[in-house]
Protein chains: 2
Amino acid sequence: MMARPQTDIEAGRRLLLETAEGIIRDRGAVDIAISELASVAGMSPSNIYRFFESKEDLFEAIAERWFADKISIMETVIASSMSARDKMHAFFGRRFALMVADYETDPELFQSYCELGSQHFETVRGYVDLADHYLALIVAEAMQDGYFSKLTIDQTVSLINLMIQPFCNPDLIIHIGVRPTDDKLSEIIDTIFTGLGRAIERDNVIPMLSVA
Amino acid sequence: MMARPQTDIEAGRRLLLETAEGIIRDRGAVDIAISELASVAGMSPSNIYRFFESKEDLFEAIAERWFADKISIMETVIASSMSARDKMHAFFGRRFALMVADYETDPELFQSYCELGSQHFETVRGYVDLADHYLALIVAEAMQDGYFSKLTIDQTVSLINLMIQPFCNPDLIIHIGVRPTDDKLSEIIDTIFTGLGRAIERDNVIPMLSVA
């Protein structure tokens, strides 16, 4: 029975997060004052501070909830027995499919979360760094197989993130004209594995297929 | 003297476009009614229709003005004697530098133009198609040198546009956290030339440097 208070807190936070999501759905990307959340949830202001101490604390919980399934995908991919190439494809492709599904379920809510994310970038940055950390693990594995040999891990991660923006940047999921397919992602991952960190000098960038 | 009326029309349109830019600077990405433009420019409504017949006509002229220097860059690059690889680098790099400079001069105005562009995407599409046409010319030239051999021109153009989004999508110029450098663009262009349309089968994507 010692766990009861903690469980109550968790259940209360979950309920309040759903209330907060309702407010975001209705009103868009506005900061939610704790007093307002209390009022909408029919809770006394003094009671609600047991669950969230500040609106920053509330936003951190909203972000944690938004990123939970993305982190789960990344951890599953990292732990899998796929090749580094297929891990990288799944790493981006599965999160892309999830974000597209979320966007299509409720475009306005998705956009509101993106705007909230820009407004609280310091909180979101921790999740971006975590994704970079997981990508670095895949890059390091690929390097052991001889890929990206002219670059450091950090350089490789940074260049891959640039080349893969349409598949990992939620803003682009909203704004892009024609949604790219998984086949295109696959071609881009192949291009990255075949070409990135390989060219030594400009003059050496010649067709190599004939000698492979 | 026969050219006089035409010159008057052009000078009047230019003056009115500058007035429209002032309205966009003050009020953001809102449609401008022709009657309002006349009022701000101190012109009678009947007179202004000599210059712009509708607000669609006005927006087309605003877009033409926004794209003029980008088209000039693309035409200069295409006509140059650079290699296909260096043309592609200049094709994206010079426009990127121009857009970054425009953005840094007046971030809000740049953002307003982007929003107007999304609102009038049918007009903007013509310019996107033109840029794709110029990129296709560079791709065709590279193909003559043996690059991108497993892909069609259209497939290649589409994949390059995806991999190069942070350098050609004005929305990403606004939203990106850390602005990528020209060195990174150069690495990405090298990766595209070395890797795109080269992998035949997944199993053949192996390190090739040792045999080059």
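These notes walk through some helices and a few residues of the structure above.

1. **Before you start.** This is a predicted model, in which local features need pLDDT of at least 70 and side-chain atom pairs count only at pLDDT 80 or more, while totals for chains, interfaces and linings use all residues. Residues are numbered from 1 along each chain as its sequence is written, chains are lettered from A and ligands numbered from 1 in the order in which they are written, and side-chain values use heavy atoms, leaving out hydrogens and water.

2. **Helices α4 and α5 of chain A.** Two packed helices are described by the angle between their axes and the distance between the axes. Helix α4(A) covers residues 55-79 and helix α5(A) residues 84-105; they pack at about 155 degrees with axes 9 Å apart. That makes the two roughly antiparallel (angles under 35 degrees count as roughly parallel, over 145 as roughly antiparallel, 65 to 115 as roughly perpendicular and the rest as oblique). Axes here are lines fitted to C-alpha atoms, for helices over the stretch in contact, and angles run from 0 to 180 degrees between N-to-C directions. Helices themselves are DSSP runs (H or I, at least four residues), numbered from the N terminus.

3. **Who meets whom there.** Contact means heavy atoms within 4.5 Å. On the α4(A) side the contact includes A:W66, A:I73 and A:V77, and on the α5(A) side it includes A:F91, A:L98 and A:M99. By class, this contact has 9 nonpolar, 1 polar and 6 charged residues. For these classes, Ala, Val, Leu, Ile, Met, Phe, Trp, Tyr, Cys and Pro count as nonpolar, Asp, Glu, Lys and Arg as charged, and the others, Gly among them, as polar.

4. Now look at α7(A), residues 121-144: its axis and that of α4(A) come within 10 Å and cross at roughly 5 degrees. This makes α4(A) roughly parallel to α7(A). Among the residues that meet are A:F59, A:F67 and A:I71 in α4(A), and A:Y127, A:L130 and A:Y134 in α7(A). The class count for this contact is 13 nonpolar, 1 polar and 3 charged residues.

5. **α7 in chain A.** With 24 residues, α7(A) reaches 34 Å from its first C-alpha to its last, close to the 34 Å expected at 1.5 Å a residue (the expected span is 1.5 Å times one less than the number of residues). Its buried residues include A:V124, A:L135 and A:A142, where buried means under 20% relative accessible area, exposed over 50% and partly exposed in between, with a 1.4 Å probe and protein chains only. They pack against α4, α5, α6, α8 and α11 of chain A. Just after the helix, A:G146 takes a positive phi of about 100 degrees.

6. **α7 in chain B.** The ends of α7(B) are 34 Å apart, C-alpha to C-alpha, which agrees with the 34 Å that its 24 residues should span. B:V124, B:L135 and B:A142 are among its buried residues, and the cover over the buried residues includes α6 and α8 of chain B.

7. A:H120 lies in the loop between α6 and α7 of chain A and counts as buried at 15% relative accessibility. Leaving out residues up to four places away in sequence, A:H120 touches A:D31 and A:F59. In chain B, B:I23 sits in helix α1, residues 4-27, and is buried at 6% relative accessibility. B:I23 and B:E36 are 13 residues apart in sequence and 9.7 Å apart in space, C-alpha to C-alpha.
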